[in-house]
Amino acid sequence: MALRKIRTEGDPVLTKKARPVAEMTPRIRELIVDMLDTMYDSMGVGLAAPQVGILKRIVTIDVGEGPIVLINPEIIETSGEQTGEEGCLSVPGMSGVVTRPNYVKVKALDINMEEVVYEGTELLARAFCHETDHLDGKMYTELVEGELHRVTYDDDEDYEE
């Protein structure tokens, strides 16, 4: 559909708590499609509605296994621990070390407003936590251990985001 402008750190919308979605409307459906398009165009693995200036509890994620849409997500279980590099489309070109749960179970509504439960480990677990934090006005930069650093891309190696 359309690419949306990604809000960057310092934009007040990123510090506000998003509101629950009560019903699926054509505008909400269009927002979700736009969020997916924007996320893929920006080569991200996740995007929350506040990142495109909309204070709704909507998240899109794709860690390489196909798109996941979460409406009003709620983390209901976590376990384990992982520490690794994390980045954010709202903090372009930067990353930092963050500790998150290694396993996350999340309950939400899908695009048809039907309840779904997802379980994820490693990158998917990290994405569930990172994007849900956005819905509560929290940025990963609050959790970084040490300093943020510039992301460097080496042609011979994969990079994490």
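A residue is called exposed when its relative accessible area is over 50%, buried when that area is under 20%, and partly exposed in between. The model discussed here is a predicted one. By that cut-off E122, at 51% relative accessibility, counts as exposed.

E122 belongs to helix α2, which covers residues 122–135, and its phi is near 50 degrees, a positive value in a residue other than glycine. Most residues other than glycine have a negative phi. The 14 residues of α2 should span 20 Å at 1.5 Å a residue, and the end C-alpha atoms of the helix are 21 Å apart, which agrees. The helix is mostly covered, with 12 of its 14 residues buried; among them are L124, A125, R126, F128 and C129. Just after α2, G137 takes a positive phi of about 75 degrees.

A search of the whole structure finds 1 aromatic pair. The ring centres of Y118 and F128 are 6.5 Å apart and the ring planes meet at 45 degrees, so the pair is tilted. This pair links distant parts of the chain, since Y118 sits in strand β7 (residues 115–121) and F128 in helix α2, 10 residues apart. Y118 is partly exposed, with a relative accessible area of 27%, whereas F128 is buried at 0%.

Which residues does Q82 contact, leaving aside its neighbours within four places in sequence? They are V98, T99, R100, P101, N102, E122, A125 and R126. Q82 itself lies in strand β4 (residues 82–87) and is buried, with a relative accessible area of 14%. The side chain of Q82 reaches the backbone oxygen of P101 at 3.1 Å, and it also makes a polar contact with the side chain of R126 at 3.4 Å. R126 is one of the buried residues of α2.

**The cysteines**

How many disulfides does the structure hold? There are 0 disulfides. A disulfide is a covalent bond between the sulfur atoms of two cysteines. The sulfur of C88 has its closest cysteine sulfur in C129, at 14 Å, which is too far for a bond, given that a disulfide calls for sulfur atoms within 2.5 Å. C88 counts as buried at 6% relative accessibility, and C129 is likewise buried, with a relative accessible area of 6%.

Helix α1 (residues 26–41) has 16 residues and reaches 22 Å from its first C-alpha to its last, close to the 22 Å expected at 1.5 Å a residue. The buried residues of α1 are I28, L31, I32, D34, M35, L36, T38 and M39. An α-helix has 3.6 residues a turn, so residues three or four places apart point the same way. What covers the buried residues of α1 includes β1 (46–48), β2 (58–61) and β3. After α1 comes M43, whose phi is positive, near 60 degrees.

In a regular strand the side chains alternate between the two faces of the sheet. Both faces of β2 are covered, with I58 and T60 buried on one side and V59 and I61 buried on the other. β2 pairs in the antiparallel sense with β1 over 3 bridges and with β3, again antiparallel, over 4 bridges. T60 of β2 is the bridge partner of L47, and T60 also stands opposite V69 in β3.

β2 and β3 form a hairpin with 6 residues between them, and G64 in the turn has a positive phi of about 105 degrees. G66 is placed in the loop between β2 and β3 and is partly exposed, with a relative accessible area of 24%. G66 and H134 are 68 residues apart in sequence and 21 Å apart in space, C-alpha to C-alpha. Within β3 (residues 68–79) lies N72, where phi is near 55 degrees, a positive value in a residue other than glycine.

| Residue | Phi |
|---|---|
| M43 | near 60 degrees |
| G64 | about 105 degrees |
| N72 | near 55 degrees |
| E122 | near 50 degrees |
| G137 | about 75 degrees |

Notes:
Residues numbered from 1 in each chain as written. Predicted model: local features only at pLDDT ≥ 70, side-chain atom pairs only at ≥ 80, totals over all residues. Heavy atoms only, no water. Helix = DSSP H or I, 4+ residues; strand = E, 2+ residues; numbered from the N terminus. Buried < 20%, exposed > 50% of the residue type's maximum accessible area, 1.4 Å probe, protein only. Expected span 1.5 Å × (residues − 1). Contact = heavy atoms within 4.5 Å. Phe/Tyr/Trp six-rings, centres within 6.5 Å; stacked < 30°, edge-to-face > 60°. Polar contact = N/O pair within 3.5 Å; in protein donor to acceptor, adjacent residues only side chain to side chain. Pairing = 2+ DSSP bridges.
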